[in-house]
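Welcome! Please take a first look at the model shown here, and then we can walk through its inside together.

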Amino acid sequence: NVCAKNELELIDLTNPFHIDYLKHHKRFNSEIDGHWNEYGHEKVAEILYHYLMKDRNKKETGDTHKILK
């Protein structure tokens with residue numbers, strides 16, 4: 001895996017997108033070209049925000065182990 005080899009963390013959006021779609025039945029991408037639409041960008045921003053805040057809290061509490069290693 002490229003991320004593990006380069007010690008990079010991967011945020012897999014598959015499950016959060018799937019769960020959100022089942023709950024709200026809203027598309028994340030354009031029907032024209034597959035790029036994220038406004039809703040998709042909002043959901044990614046929300047997921048990244050929560051991920052970064054969780055990482056920030058780990059650093060503040062001293063729990064700094066890497067997710068992938």
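## How confident is the model?

In this predicted chain, confidence is highest in H2, at 95, and lowest in H3, at a mean of 86. These values are pLDDT, the predictor's confidence in each residue, from 0 to 100. The helices are DSSP runs (H or I, at least four residues), as strands are too (E, at least two), numbered from the N terminus. For the chain, the mean pLDDT is 86, and 81% of its residues reach 70 or more. Where pLDDT is low, the predicted coordinates should not be read in detail.

Residues are numbered from 1 along each chain as its sequence is written, and side-chain values use heavy atoms, with hydrogens and water left out. Because this is a predicted model, local features need pLDDT of at least 70 and side-chain atom pairs count only at pLDDT 80 or more, while totals for chains, interfaces and linings use all residues.

## The nonpolar core

Which residues make up the largest nonpolar core? The six are Leu13, Phe17, Phe28, Tyr39, Val44 and Ile47. Helix H3 (residues 38-61) gives the most to this core, with three residues. A nonpolar core is a set of buried Ala, Val, Leu, Ile, Met, Phe, Trp, Tyr and Cys residues joined through side-chain atoms within 4.5 Å. Buried means under 20% relative accessible area, exposed over 50%, and partly exposed in between (1.4 Å probe, protein chains only). In soluble globular proteins, nonpolar side chains tend to be buried together.

## Aromatic rings

Rings of Phe, Tyr and Trp (its six-membered ring) pair if their centres lie within 6.5 Å; planes under 30 degrees apart count as stacked, over 60 as edge-to-face and the rest as tilted. By this rule there are three aromatic pairs. Phe17 and Phe28 form a stacked pair, 4.0 Å centre to centre with 5 degrees between the planes. Phe17 lies in helix H2 and Phe28 in the loop between H2 and H3, so their pair ties together parts that are eleven residues apart in sequence. Both Phe17 and Phe28 are buried.

Phe17 also forms an edge-to-face pair with Trp36, at 6.3 Å centre to centre and 65 degrees between the planes. This pair links distant parts of the chain, with Phe17 in helix H2 and Trp36 in the loop between H2 and H3, 19 residues apart. Is Phe17 buried or exposed? Phe17 counts as buried because its relative accessibility is 14%, whereas Trp36, at 38%, is partly exposed. Phe17, Phe28, Trp36 and Tyr39 form one aromatic cluster.

## Asp20 and its partners

Asp20 lies in helix H2 (residues 14-24), and its relative accessible area of 8% is why Asp20 counts as buried. The side chains of Asp20 and Tyr39 are joined by a polar contact of 2.5 Å. A polar contact is a pair of N or O atoms within 3.5 Å; within protein, one must be able to donate a hydrogen and the other to accept it, and residues adjacent in sequence count only if both atoms are side-chain atoms.

Leaving aside neighbours within four places in sequence, Asp20 is in contact (heavy atoms within 4.5 Å) with His25, Phe28, Tyr39 and Lys43.

## Two positive phi angles

Most residues other than glycine have a negative phi. Glu7, however, has a positive phi near 55 degrees; Glu7 is found in the loop between helix H1 (2-5) and H2. His25 has a positive phi of about 55 degrees although it is not a glycine, and His25 is found in the loop between H2 and H3.
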